[in-house]
Amino acid sequence: MTAHLLRGQGLAGSETARSWLGWGRRGTAGAAIPMALGFDGVTQRFGAVTALSDVSLSVRPGEIVALLGQSGCGKTTLLRLAAGVERPSAGRVLLEGRDVSSPAAFVEPEHRGVGFVFQDYALFPHLSVRENVRFGLRDRSGSAADATALRALARVGLEHLADSYPHMLSGGEQQRVALARAIAPRPGVLLMDEPFSNLDRRLRDVVRDETAALLEETGATSIIVTHDPEDAMRIADRIVLMRAGRIAQIGTAEELYRKPASLFAARFFCDFNEIEGRVSGGTVETPFGRFAAQGVAEGSDAIVCIRPHRVRIVPKGYYLKGRLVARRFLGEVDHVLVAVDGFDRPLAARMALSDEVGVGDEVGVDIPSDEVLVFPAADQ
């Protein structure tokens, strides 16, 4: 539960950046009573298409979970089932252990205590910002609902726009109104569908870190859908990687990055140098050395994965002989391509190079063996 506590540090979490974007003071959002959320053998079909297939997942009270995966893998469908916007074809959705999705026990969305931030924000164009946030507070008196709505707007820094209308706001402001509307009732579960996808890179980091801080303040059990690994790694306690309607792997950001369960999972977090080979004697021979192939069947084809930022470029005469064929300055590091004998394409590396090294120079190439991953070639 502490994985996301320090992610608002640096410029994106600084008072200067927050003031520039107009966010409210941290620590002022009302606390919720978090609920446990579970999916038990959930399957969802749309005609001949199976969007989810026997998915089971437990989310602890107060936990922040990211559903990560490519478009069409079932992330948003799972979110909509949790909200009650859709009903599962099979299986159960559980809140605090109680079935809320079966025909005999179905609980309507407005009675689940679940907040939802839609990808397109779903603000009502004919309602003011204040009225949009008040929409989920219909069980409260006019003055109480108004005060709660203004408090939620103040937390996201938009109280001064309470009487404006959605079309008068920027995309980032609309996202914050949608977030204020979701947190105003203090839901036990908060669901967010691609909340940062419509923001430009300049705003994305700040909005993401402020959202993480807000989730921490409310304490609500939260599920965030994203296709961006960095979003998932920076905001979530656990990541659920999905593929074709199933869960491919669950774990912390570090677990999925350092110990991916498959080539699919590995590729999701890094653009590897990939070398094909065959397992013999428990290892794979490559132009860069022989690497252990633990868990890969003897005699089978394998793919050796080398992270670009783990490739070391050293003076010529050391380790493998290579020649620098391209170099791009990326700020703190250079993206370089190195030709190595026996490898039919350049090896990519990311590191800070000396200005004395230029394209066409001979260099040495070092690849630490403990940084190399090996997967069955069939595992794609």
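**Entry 1: the largest pocket**

I looked up the lining of the largest pocket and found 14 nonpolar, four polar and five charged residues. In this count Ala, Val, Leu, Ile, Met, Phe, Trp, Tyr, Cys and Pro are nonpolar, Asp, Glu, Lys and Arg are charged, and the others, Gly among them, are polar. The model is predicted: local features need pLDDT of at least 70, side-chain atom pairs count only at pLDDT 80 or more, and totals for chains, interfaces and linings use all residues. Residues are numbered from 1 along each chain as its sequence is written, and side-chain values use heavy atoms, with hydrogens and water left out.

I noted the volume of this pocket as about 760 Å³. Of the 23 residues that line the largest pocket, Pro109, Glu110, Val114, Gly136 and Pro185 are the closest to its centre. A pocket is an open set of points on a 1 Å grid over the protein atoms alone, with protein on both sides within 12 Å along at least five of seven lines; a 1.4 Å probe fits at the points, and if it cannot get out the set is a cavity instead. Lining residues have an atom within 4 Å of a point. Grid points are joined across faces, edges and corners, and the volume is the space filled by probe spheres set on the points. Rolling a probe the size of a water molecule over the atoms shows where empty space is left.

Which element gives the most to the lining of the largest pocket? I found that strand 6 does, with three residues. Strand 6 (114-117) and helix 5 (171-183) each supply at least two residues. Helices (H or I, at least four residues) and strands (E, at least two) are DSSP runs, numbered from the N terminus.

**Entry 2: the second largest pocket**

I then turned to the second largest pocket, with a volume of about 280 Å³. It is lined by 13 residues, and those closest to its centre are Ala292, Gln294, Val372, Leu373 and Val374. Strand 13 (289-292) and strand 20 (372-376) are the elements that give two or more residues to this lining. The largest share, four residues, comes from strand 20. By class I recorded eight nonpolar, two polar and three charged residues.

I checked the UniProt record, an unreviewed entry, which places the feature "domain: ABC transporter" at residues 37-269. UniProt positions are given in the numbering used here, feature names are shortened, and annotations may be inferred rather than shown by experiment. Over residues 37-269 the chain is 34% helix and 26% strand, and the end C-alpha atoms lie 27 Å apart.

I traced an open sheet of six strands in the order 6-7-8-3-9-10, with mixed pairing. Two strands pair if DSSP finds at least two bridges between them. Strand 6 and strand 10 (246-251) are the edge strands, each pairing on one side only. Strand 7 (residues 189-193) and strand 8 (residues 221-226) run parallel and are joined by five bridges. Leu190 has Ser222 in strand 8 as its bridge partner.

I found an open sheet of five strands in the order 15-19-16-17-18, with antiparallel pairing. Its edges are strand 15 (312-315) and strand 18 (347-351), each of which pairs on one side only. Strand 16 (residues 320-329) and strand 19 (residues 362-366) run antiparallel and share four bridges. Lys321 stands opposite Gly364 in strand 19.

**Entry 3: covered and exposed residues**

Is Asp54 buried or exposed? I recorded Asp54 as exposed, because its relative accessible area is 53%; the cut-offs are under 20% for buried and over 50% for exposed, with partly exposed in between (1.4 Å probe, protein chains only). Asp54 belongs to strand 2 (residues 49-59) and has a positive phi of about 55° although it is not a glycine.

Arg186, in the loop between helix 5 and strand 7, also has a positive phi, near 55°. Arg186 counts as partly exposed because its relative accessibility is 43%.

I placed Gly30 in the loop between helix 1 (15-21) and strand 1 (37-46). Gly30 is partly exposed, at 24% relative accessibility. The C-alpha atoms of Gly30 and Phe288, 258 residues apart along the chain, are separated by 56 Å.

Helix 2 (residues 75-83) is mostly covered, with seven of its nine residues buried. I listed the buried residues as Lys75, Thr77, Leu78, Leu79, Leu81, Ala82 and Ala83. Gly84 follows helix 2 and has a positive phi, near 90°.
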